[in-house]
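Open the model in your viewer and keep the selection tool at hand. This tour goes stop by stop, saying what to select and what is there.

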Amino acid sequence: MNTIAQNIRNISFPLTAVVGQEAIKLALLLAAVDPGLGGVAIAGRRGTAKSVMARGIHNLLPPIEIIKGNIFNCDPSNPGEWDDLTQALYENTDNIPTEVIPAPFVQIPLGVTEDRLLGSVDVEESVKKGEPVFQPGLLAQAHRGVLYIDELNLLDDQISNQLLTALSDGRNQIEREGISFQHPCKPLLIATYNPDEGPLREHLLDRIAITLSADGVLALDQRVSAVEQAIAYSSSPQAFISQYSDDIDGLKTDIILAREWLKEVKISQDQIRYLVQEAIRGVVEGQRAELFAVRVAKAAAALEGRNVVTADDLRRAVELVIIPRATTVEVPPEDQMQPPPPPPPPEQPQDQDDQDQEDEEEDDQEEEEEKQQEPPGIPEEFVFDIEGVILDPTVLYFAQMAQRQGKTGSRSMIFSDDRGRYIKPMLPKGKVRRIAVDATLRAAAPYQKSRRLRYPERVVVVEQSDIRSKRLARKAGALIVFVVDASGSMALNRMQAAKGAVMRLLTEAYENRDQVALIPFRGEQADVLLPPTKSITLAKKRLETLPCGGGSPLSHGLTQAVHVGMNAKMSGDIGEVVIVAITDGRGNIPLAKSLGETIPEGEKPDIKAELLEIAAKIRGVGMKLLVIDTEKKFVSTGFGKELAKVAGGKYYQLPKATDQAIAGMAKSAIADMRS
């Protein structure tokens, strides 16, 4: 495996050959100097050299010395970080065999399971020894090397949380299936993602030290140079790489020396205070930014061969760590960026000029002597002003990169035991529909020796207590139920707008797994004209007839929508339900009459209270209600707004609501529910 890793390193595209992306290349070098810095995440669209740079920095890492044959890459000079097994083997041994191997490069696949990532029971060895034996996962292999995650935003949430927890602790603690084991986990984390393919949770962004965008615009000559570089590399990789051998060797030496310098780098309390003040001015949440910024500043000093942090190091730390995290990145108007020119000095006699020149030379000499005696500096000006506005236009590049990052949010998931992608094993509750064979065998493996004594005729003995079921997950769609008032003179306009919105949403339903339903209400009842569907053909056929006129049974319309939504959720394919009620809220038919129940003589139903009760139930079952009032009126009853408030939804008064506006509101409501 080491030979393969070495071959990959030898043909990797050199980091120094990447055109542009200077900020990202610097961030990767700083992370190589201090692997415990917290990792680097690179956002960018397709073809921005994200993966190339990740593999390029791996080619620059120095080889590591490990205990010979150790699968956890343990450092022989650091017993405090050994795994439990290594500590037991070499606790009282002075003569420890060692070997030097290339720094490992481990990539986390998108479909990785918890067992493959963290480690699990080694079935074969457990059967042989009659006791649980730990089988290392990908985190163990990556220790002291590079852990690379492509498309971090598409990684399962639970997997990414477990991954970052282990990296933050520096250790992977396993307590499962009869195993209690820990091993070191301190790789250099490099992650990439494309914001166009899905957002990245702010929780993950906060746990990674440096997050930059590779979407910067290259000049024409740079793009030409990038094409030429790619062609030359594809034609003859070895010849192309040999052109950069001196640069590569120089950077390798710089990283090795910087790691030694880093142990001696000092940062003053005033410099730490400056970083904290910048984080406060940028309205950065939490304190991880300041902690990461301190490490970045020290790594920057070490990379320059210094043991003290300077003002330039602090400024670099602010640009790489604090600005991308700033929640306020306002830019002052262009006319405010340039200070007014100073007034011209008054004319002086020649003799006076000569005297001033001599004084200036003396002052410069005194200032130079003072600078040599002064402690490490702090930037003269802050990057942010008191209100979080960026003062220096030269750092707007980093602010723009921060704004390009995706917003928080994720698609909803449905967890079950019968359909979906296998994400983890679990103890069964009731009847097992899908057996997790791998986890079941791991649970049974340690007891095979003793069980074979009781059942010599059986090769593998699995008991009921060993059975594990599969936990499955699949993406969930949303159901949008249009409840349309088909009574009154405006009914035709409302129905046409609703029909257009249905067709618009259905054109996007395939990718999002969303479904649409339509319930018009008129006369005394509400009918499900279009049941939940993703079919455009069915929708067109059902929506050809648009019934209009009569009373306004709003209560029955909302009740029907709740029933349709509950049935859709029970099918297992729908995660959220949004009810879009296109009405003025003036229902005049009680629910009892719509259901065919007899109303006692002399009793006047309280339709308003009935509607508010239904709205409360909509909120109680977790559905979202949007009330769109399309009525043209000078005096509004305000009941539609009250109805939406009780349901925890939203109210819009749009006398000329178009199909595009209605569809946009529905999609916005779904996005709010998923975030």
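Start with the whole chain. Buried residues make up 46% of the 675 residues in the protein chain. Buried means under 20% relative accessible area, exposed means over 50%, and partly exposed lies in between, with a 1.4 Å probe and protein chains only. The model is predicted: local features need pLDDT of at least 70, side-chain atom pairs count only at pLDDT 80 or more, and totals for chains, interfaces and linings use all residues. Residues are numbered from 1 along each chain as its sequence is written, and side-chain values use heavy atoms, leaving out hydrogens and water.

Show the cartoon. The protein chain has 28 helices and 21 strands. Helices (H or I, at least four residues) and strands (E, at least two) are DSSP runs, numbered from the N terminus. Contacts here are heavy atoms within 4.5 Å. Among contacts between residues at least 6 apart in sequence, 78% join residues at least 24 apart.

**Colour by confidence**

pLDDT is the predictor's confidence in each residue, from 0 to 100. Its mean over the protein chain is 76, and 78% of the residues reach 70 or more. Select residues 402-411. Here the pLDDT is below 50, and the stretch has 28 contacts in the model beyond near neighbours in sequence. Now select residues 1-8. Their pLDDT stays under 50 as well, and the model has 3 contacts for them beyond four places in sequence.

**The five-stranded sheet**

Select β4, β7, β10, β1 and β11. In that order they form an open sheet of 5 strands with parallel pairing. Two strands pair if DSSP finds at least two bridges between them. Which strands stand at the edges? They are β4 (105-108) and β11 (210-213); each has a single partner strand, so one side of each is left without a neighbour in the sheet. From one strand to the next, the twist averages 20°. Axes are lines fitted to C-alpha atoms, for helices over the stretch in contact, and angles run from 0 to 180 degrees between N-to-C directions.

Zoom in on β1 (residues 40-43). Both of its faces are covered: Val40 and Ile42 are buried on one side, Ala41 and Ala43 on the other. In a regular strand the side chains alternate between the two faces of the sheet. β1 pairs with β11 in the parallel sense over 4 bridges. Alanine 41 has threonine 211 as its bridge partner in β11. Between β1 and β10 there are 4 bridges, again in the parallel sense. There, isoleucine 42 stands opposite threonine 192 of β10.

Step across to β7 (residues 146-150). It runs parallel to β10 (residues 188-193), and 5 bridges join the two. Valine 146 stands opposite leucine 188 in β10.

**Two crossing helices**

Select α2 (residues 22-33) and α12 (residues 245-262). Their axes come within 8 Å and cross at roughly 50°. That makes α2 oblique to α12; angles under 35 degrees count as roughly parallel, over 145 as roughly antiparallel, 65 to 115 as roughly perpendicular and the rest as oblique. Show the side chains. From α2 come Leu29, Ala32 and Val33; from α12 come Leu251, Ile255, Ala258, Arg259 and Leu262.

**A loop glycine**

Go to glycine 69, in the loop between β2 (64-67) and α4 (84-90). Is glycine 69 buried or exposed? At 58% relative accessibility, it counts as exposed. Glutamate 99 is 30 residues from glycine 69 in sequence and 8.1 Å away in space, C-alpha to C-alpha.

**Helix α19**

Select residues 437-444. In this helix, α19, the buried residues are Ala439, Thr440, Arg442, Ala443 and Ala444. Their cover includes α5 (114-118), β5 (119-121), α6 (123-129), β13 (421-426) and α20 (448-454).

**Last stop: strand β16**

Select residues 515-522. In β16, 7 of the 8 residues are buried, so the strand is largely enclosed by the rest of the structure. Phenylalanine 482 has leucine 518 of β16 as its bridge partner.

Valine 516 stands opposite threonine 533 in β18.

Finish with β17 (residues 525-526), also antiparallel to β16 and joined by 2 bridges. Phenylalanine 521 has alanine 526 as its bridge partner in β17. β16 and β17 form a hairpin with 2 residues between them. In the turn, glycine 523 has a positive phi of about 65°.
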